[in-house]
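Let's walk through this structure together, from the outline of one chain to the way parts of another meet.

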Amino acid sequence: MLKIYPVIAIIGLVISIGSVIRKSPFFNFTGILVCIYGLLKSAEYVMPALPSQVILMYMAMSFFSFFIYFSIQEETFKAFLEPMRAVFADDNKALLRVLIVFIGLPLFAGYLTYVKVKPTYDPPVSARIVHPEPPSQMDFRGKSVNVLGLENPLRKDAANFAKYVEEGKKIYYQNCFFCHGDDLDGKGHLSQAFNPVPLPFRGTDTIAQLPESFVFWRVSKGWRGLPAGSGPWNSSMPSFEDFLTEEEVWKVIMFIYDSTGNKPRSW
Amino acid sequence: MADVSVKKGLTKGLIKLTVLLGIGFIFLFVLGRLLPAPSEDGYRVFPVIGSRVWVWIIAQLHLNFAAFVLGVPIFAVSMEYLSWRRSDGRLDRIAYDFTKLFTLAYTITASIGTILLISLPVLYPKFMDHMMRILGPTWWLYIVVMYVEVMVCYYYYYSWHKMKNNKGAHVAIGGLLNIMGVIMLLITSSWVGYMTTPGGVSETGELISRWHAIKTHMWIPLSIHRLVANVVFGAGIAASYAAYRFIVSETDEDRAYYDWMGYTSAMISIGFSLILPGVGYLLGVEIYSFNEQMGIQLMGGFFAWLWVMQAILIGAILMFVNYYLWISLNKMPGGERYFKYVKYLFIVMLLGYAVWLTPHSIALSLDEARKMGTYHPVLGNLGVMAAKNTAVVITYLVTFLSFAIFKMSNKEPVVSWAKLGNALRIIIVAGSTVAVLAIGVYSYMVSSSVRVKVLSPIQFGVFFLSIIALFILDAKMFKNAKIIGAPRWGKMPERSQYALIGITVTFTWLMGMMGYMRSGGRQYWHVYGIIKDTSPDAFLPTHGFAAVVTSILTVIFFALMGLLFYGIMKLEKKGGQGGAKA
């Protein structure tokens with residue numbers, strides 16, 4: 001199957017190089033944007049596709065930045081505007097004017113409108129909150145717990161740290177690994193059944209960004225405890241207060257931090 | 001404006017302020033009797049748009065003008081000081097023009113402040129009762145300081161020409177004006193600090209220690225942040241004013257002057273903005289240490305999206321600034337020699353901008369979420385602080401290089417060690433870039449505490465050290481340098497001026513959105529954890545709604561600013577240079 005996006009990137013590059021030779025900044029600008037778009041879309045062949053929102057942001061940034069870049073020098077800017085001026089004003093470009101201004105642009109606007117209003121069965125794009133804000137207080141099996149300033153009580157018992165981590169490991173493999181994975185990378189056997197997929201604990205952008213109190217709240221309350229803005233549909237995490245004791249939750253938290261080499265956020 | 005003596009000027013200021021305060025109190029008294037009593041839980045409802053949106057718009061407009069009138073005097077007085085020490089008439093003129101701007105803006109600031117003064121107690125009587133009970137004395141101090149500040153301001157402005165032979169004393173008056181401004185800032189920040197990170201009261205809101213209610217977690221970091229941001233914003237507005245005057249100028253002389261004024265203001269603005277990330281972090285750390293729940297909400301929760309927006313906007317501002325500096329090479333004799341470097345600076349800027357705006361939380365369709373998981377393997381790594389800080393520092397470094405190139409573009413060094421100097425410059429730039437990148441990569445491997453408290457300051461430290469080193473090196477290298485030609489001030493395309501206006505509009509909008517965020521951090525509390533918001537507005541508006549409100553108030557602000565600019569020009573035409581009597 002033809003991989004279309006690398007082809008688009010190459011076409012953009014060819015337009016850009018050609019217009020550098022012909023000294024036409026406008027087509028250079030167009031070629032660069034086409035090339036960037038092709039490259040961004042081509043990412044899906046080597047990694048998960050870049051989300052359309054991110055591509056839109058990168059393209060908007062590129063458009064803005066390259067536009068101002070081509071307007072730095074007077075001659076370049078004049079040459080940049082020249083094709084547009086010619087299409088609008090030159091007598092010998094009447095056919096091109098009709099094709100672009102009176103047919104091409106309205107058709108393009110119509111297409112955009114069509115894409116915008118056509119019925120779709122896809123659920124709307126959601127601006128998911130990855131770190132929902134915890135409550136200042138929660139109850140754990142009827143016991144009131146202040147989430148604010150909450151610390152893992154087991155960490156004070158440094159002598160038994162290894163023991164707690166070992167016990168946490170057992171709890172993890174009995175309860176968590178089915179979804180969060182053997183390697184704590186979020187790729188458990190059941191992970192693909194959920195959307196969004198379970199959180200990986202490895203890396204620097206998940207539990208490493210969070211204090212233990214936050215993780216305690218998420219493990220204990222699961223999807224049911226998410227604030228309204230995050231919606232219960234954005235997590236399939238069970239409420240582990242139904243299955244584990246308070247101490248067991250702390251132990252499993254110690255295990256996931258210890259085994260991934262992460263440290264809880266301390267401020 | 002017609003020439004006015006000092007005495008008349010002061011009397012005018014005194015009357016204006018007293019009348020406005022009088023109107024405020026009369027309205028409060030009358031409305032308190034005419035309007036129906038507040039609801040049981042202490043609210044009145046503003047018609048059509050609701051109380052919250054009304055107070056939001058008025059408070060933000062007041063804050064914008066206050067930022068302007070507190071920020072501009074700082075560099076106006078600095079300019080006057082420099083003009084005095086160097087006997088430079090052009091610096092004196094720009095300082096006077098800045099002073100003219102903020103003195104006239106005082107009237108609008110006070111008028112909007114009066115509307116706010118009426119609105120808050122009428123619409124939120126219970127909340128204001130609480131605030132008065134806890135921080136009442138600071139309010140009376142505020143009134144006193146406001147009077148003193150306005151009087152000092154008017155005296156400073158109207159005595160400009162009269163005291164031209166006594167510049168030292170005049171600069172001292174300007175210094176006093178700034179001290180008053182800082183006190184005002186500290187007082188108002190204590191109110192906001194108390195609302196967001198309260199202290200000094202019991203759980204039921206009874207006063208325990210007034211000093212602790214003033215000296216909250218947020219007080220000093222917020223004051224520092226606002227002080228720096230006021231200078232950035234004030235200078236930005238001054239740059240916009242200059243840009244506007246440049247565009248409508250009819251003579252080459254005026255164009256040259258306003259081009260220079262725009263350049264000077266923009267550089268002050270961007271120069272001070274270098275400090276903002278640091279003081280912003282300080283504020284963030286204080287919020288986290290007060291309440292990590294609020295910290296998470298502001299940084300990674302509901303408001304995480306605003307940081308993406310902020311990155312987009314600050315990236316755009318830096319791009320505008322660099323663009324302005326690059327385009328300015330056109331007016332420098334010899335500037336064309338440096339155009340070949342611009343493309344490299346541009347590429348680094350673009351890459352830095354791309355990293356900076358890459359979101360950590362991404363809006364995903366269900367299909368995208370299924371394929372990608374919680375975090376994209378590449379984008380996830382670009383969305384965190386380690387990458388962002390590195391990108392910010394590198395883009396700041398590029399901006400400084402653009403500035404350095406502009407400054408040196410019409411000169412040729414004559415020192416014997418010029419080649420060595422150039423090599424040193426390359427070593428400093430390359431060395432600091434490598435160091436910043438290496439620290440950035442290492443930041444991924446350490447805990448957040450080390451990243452924020454140790455590595456980030458080191459990254460910024462490397463940046464500041466390198467720009468200081470470059471400053472010293474250039475000062476030595478270009479001492480007695482051969483000047484290829486004087487800058488052709490005024491020989492700038494109009495689009496460069498729109499870049500200056502673009503910077504200020506972006507700043508204003510950003511300030512509005514950040515204000516929404518700071519205020520939203522309190523969630524459904526008037527005073528966090530103490531006084532609950534039980535009004536119909538006790539919910540966080542969506543970002544989209546906040547963006548609409550912020551956009552509307554940005555338009556209103558610039559319409560008022562436009563009126564101010566127009567008023568100054570009109571009065572200048574009427575009475576020559578106008579203003580203070582000689």
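This is a predicted model: local features need pLDDT of at least 70, side-chain atom pairs count only at pLDDT 80 or more; totals for chains, interfaces and linings use all residues.

Domain bounds here come from an automatic or database domain assignment. With that in mind, start with chain B, where the assignment gives domain 1 (7-311 + 491-550) and domain 2 (333-486). The centres of these two domains of chain B, taken over C-alpha atoms, are 31 Å apart.

Residues are numbered from 1 along each chain as its sequence is written, and chains are lettered from A and ligands numbered from 1 in the order in which they are written.

Back to where the domains of chain B meet: 9 residues from domain 1 and 11 residues from domain 2 take part in the contact (two residues are in contact if their C-beta atoms, placed from the backbone, lie within 7 Å). On the domain 1 side, α9 (276-290) and α11 (304-328) of chain B are the elements that give two or more residues; helices (H or I, at least four residues) and strands (E, at least two) are DSSP runs, numbered from the N terminus. The most comes from α11(B), with 4 residues. By class, this side has 8 nonpolar, 1 polar and no charged residues, where Ala, Val, Leu, Ile, Met, Phe, Trp, Tyr, Cys and Pro count as nonpolar, Asp, Glu, Lys and Arg as charged, and the others, Gly among them, as polar.

Now turn to chain A, which has 9 helices and 3 strands. Along the sequence they follow the pattern α-α-α-α-α-β-β-β-α-α-α-α. Chain A is more spread out than a compact globule, because its radius of gyration is 27 Å, well over the 18 Å that the globule rule gives for 267 residues (the radius is taken over C-alpha atoms, and the rule is 2.2 Å times the number of residues to the power 0.38). Along the principal axes, the C-alpha atoms of chain A fill a box of roughly 85 × 40 × 40 Å.

Finally, look at helix α6 (residues 161-175) and helix α9 (residues 246-260) of chain A, which pack at an angle of about 100° with their axes 7 Å apart. Axes are lines fitted to C-alpha atoms, for helices over the stretch in contact, and angles run from 0 to 180 degrees between N-to-C directions. That makes α6(A) roughly perpendicular to α9(A) (65 to 115 degrees). Among the residues making this contact are Y164(A) and I171(A) of α6(A) and F255(A) and D258(A) of α9(A). By class, the contact has 8 nonpolar, 1 polar and 5 charged residues.

Conventions:
Angles under 35 degrees count as roughly parallel, over 145 as roughly antiparallel, 65 to 115 as roughly perpendicular and the rest as oblique.
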